[in-house]
Amino acid sequence: MVRAGLTHARVVPLRDLRVRRARHPVGEVAVPATQLIHFRRALVNNFIFISSVLSKIALDEAEAIKPEDKANILRVVGPSVGVGQLNKQVLGELRAWLAKTGGAALTAEPGNLGLTIALGQLLQAQGNLAEAEPLFRRALEGREKQLGASHPDMLASVNNLAAFLQATRTRSLL
């Protein structure tokens with residue numbers, strides 16, 4: 001199945017994730033080096049889209065191959081953890097993974113200013129303000145060097161940093 005340039009080899013059953021998570025607590029997935037290169041490229045090219053999609057995941061609306069599988073999962077998860085809590089946990093894990101993977105991609109491509117901005121926005125949304133601010137500043141400096149002080153994209157970076165600083169100032173006043 002192919003969506004947004006990302007190739008999905010197979011769906012992993014929930015029980016397999018639980019076993020893998022116990023063996024690999026950081027949530028790493030091993031893939032062949034050639035697939036990893038293609039995956040990183042897709043991640044960089046579609047980072048904003050992927051981040052947007054991840055923010056809209058709702059486990060209670062997810063599809064399963066068999067309808068009874070979904071019903072069984074919700075029946076087990078509902079009383080013990082709660083779908084809302086599980087959704088928060090899964091989203092947190094996915095966003096943490098995306099931030100880590102985006103950071104690794106940015107290390108490999110430090111001049112990718114679009115990725116720099118998108119990662120800064122993701123980190124800001126996660127509340128990682130100390131990590132987000134340098135990315136917004138780096139994007140602003142990079143855009144100014146590449147485009148000049150009056151280019152619209154450079155001005156958008158000024159706006160991104162200003163909005164970030166205003167939001168963090170507002171948080172510190174609360």
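Mentor: Let's start with pLDDT, which is the predictor's confidence in each residue, from 0 to 100. This is a predicted model, where local features need pLDDT of at least 70, side-chain atom pairs count only at pLDDT 80 or more, and totals for chains, interfaces and linings use all residues. Residues are numbered from 1 along each chain as its sequence is written, and side-chain values use heavy atoms, with hydrogens and water left out.

Trainee: In which element of the chain is confidence highest?

Mentor: Helices (H or I, at least four residues) and strands (E, at least two) are DSSP runs, numbered from the N terminus. Confidence is lowest in strand β1 (residues 2-3), with a mean of 36. At the other end of the scale, at 92, is helix α7 (residues 129-147).

Trainee: How many helices and strands does the chain have?

Mentor: Reading from the N terminus, the order is β-β-α-α-α-α-α-α-α-α. The count is therefore eight helices and two strands, by the DSSP runs.

Trainee: Is L161 buried or exposed?

Mentor: L161 sits in helix α8 (residues 152-173). Buried means under 20% relative accessible area, exposed over 50%, and partly exposed in between (1.4 Å probe, protein chains only). Because its relative accessibility is 8%, L161 counts as buried.

Trainee: Which residues does L161 contact, leaving aside its neighbours within four places in sequence?

Mentor: Contact means heavy atoms within 4.5 Å. As a related distance, the C-alpha atoms of L161 and E133 are 7.6 Å apart, although 28 residues separate them along the chain. With those sequence neighbours set aside, the contacts of L161 are F136, R137 and L140.
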